[in-house]
Amino acid sequence: MVKRPRKPRSVPLRETQPPDIKGGRHRPRNPEQPALPFDPMPERIEPCLALLKPAPPSGQDWIFEIKWDGYRLSVHLDHGQVRIITRGGHDWTHRFPTIQAAAKVLPVGTAILDGEAVVLDDIGRSDFSALQQALGGRSGKRSAEEAIFVAFDLLYFDGHDLRNLEQESRRHLLEDLIPAEADGGIRLSQEIEGDGPAILAAACEHGLEGVIAKRRDEPYRSGRGGEWLKIKCIQSEGFAIIGYERSTAAFGGIGRLLLAARKDGQLVYVGGVGTGFNERSAADLTKQLDKIVVDKPAVATGRKKRDAVYVRPVLIAEIEYRAWTADRKLRHASFKGLRDPKDSADIYQLFD
């Protein structure tokens, strides 16, 4: 997989910027030269969300990147002042000191970067469980110094709102701001050359979560409109925890979590998960579950569950799974961690 060759530009972007990125003129402006209008910097931008598809598209209309497994963030830079905002609009600047420090030295006065906070494993793959542990678990208060920011879009740049530019133009500007070889707290999500199915096959072969496809000529639109698609190697989605089955032989006493998805606006039982826990994650999960115990399950679970403890469905678990059974239950499921409520995680939607 290699990067797609770029169309040559007559003047490199960064050469057009003044050396003093915080402003100030080195010579008087020609009064006959019109001043470019500036756009006010948004306090927050609702993110563009990728639509899940079973197979990747093909053709030159699409740009492909690796799908990263972490927390969606936007990094706001305003002349040395940095804000790191979650998908749900919460300020988590203090929780990502490495990203904050890297943003302060970017060669730009004002910018808004869209991307993902991740913790990488030994071979460079994003590890959601490691990110959660670095942050101290769901609703933890810890700072994640190990976390880096993988940038995949540039929404505001030196006084100009870029959302109406097509994807490819925003990509050019992002690559000039963050070079491909950057390896610090802020890095570039590399564009991948090739046809969609071949790219997905290679990503799966390397143990990655999947790929993102983006329409080359589309502007940036908030919400899930289909301009961006996500295709996964192993399915991984959020499910509401409605209870657990106790086990004296399992970590934290959790033999199996009981899970629910949404269908027609209601929660429905989709089976359980009994793998993926370690001693630390199970103990933390048990403490949180025992605070929200209820007498009856939030949804019908079929036959009576032995030694079941039911809880209010307020915790969302990230679950990997391979397939669905004929009666719409999860197959080969594994627990990855809890989504933080400030991450605005979605509960998986079932359709007929």
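Which residues form a disulfide, and how far apart are their sulfur atoms? Cys-204 and Cys-233 do, with their sulfur atoms 2.1 Å apart. The model shown is predicted: local features need pLDDT of at least 70, side-chain atom pairs count only at pLDDT 80 or more, and totals for chains, interfaces and linings use all residues. Residues are numbered from 1 along each chain as its sequence is written, and side-chain values use heavy atoms, with hydrogens and water left out.

**View 1. The disulfide of Cys-204 and Cys-233.** The structure holds 1 disulfide (a pair of cysteine sulfur atoms within 2.5 Å). The torsion about the S-S bond of Cys-204 and Cys-233 is about -95°, so this disulfide is left-handed. The pair links distant parts of the chain, 29 residues apart: Cys-204 lies in helix α4 (residues 196–205), and Cys-233 in the loop between β11 (228–232) and β12 (235–246). Helices (H or I, at least four residues) and strands (E, at least two) are DSSP runs, numbered from the N terminus.

**View 2. Accessibility of three cysteines, Cys-204, Cys-233 and Cys-48.** Cys-204 is partly exposed, at a relative accessible area of 32%, and Cys-233 is also partly exposed, at 25%. Cys-48 counts as buried, at 1% relative accessibility. Buried means under 20% relative accessible area, exposed over 50%, and partly exposed in between (1.4 Å probe, protein chains only).

**View 3. The largest cavity, with a volume of about 90 Å³.** A cavity is a set of points, on a 1 Å grid over the protein atoms alone, where a 1.4 Å probe fits but cannot get out; lining residues have an atom within 4 Å of a point. The count comes to 2 cavities of 30 Å³ or more. Residues lining the largest cavity include Arg-44, Asp-114, Leu-155 and Tyr-220. Strands β3 (71–78) and β4 (81–86) are the elements that give two or more residues to this lining, and β3 gives the largest share, 3 residues.

**View 4. Confidence along the chain, by pLDDT (the predictor's confidence in each residue, from 0 to 100).** The protein averages a pLDDT of 86, and 88% of the residues score at least 70. Among the elements, strand β6 (residues 148–157) has the highest mean pLDDT (98) and strand β18 (residues 323–324) the lowest (82). Over residues 1–5, pLDDT stays under 50; over residues 7–27 the pLDDT is below 50 as well. Where pLDDT is low, the predicted coordinates should not be read in detail.

Definitions and conventions. On a 1 Å grid over the protein atoms alone, a cavity is a set of points where a 1.4 Å probe fits but cannot get out, and a pocket is an open set with protein on both sides within 12 Å along at least five of seven lines; lining residues have an atom within 4 Å of a point. Grid points are joined across faces, edges and corners, and a volume is the space filled by probe spheres set on the points. Contact means heavy atoms within 4.5 Å.
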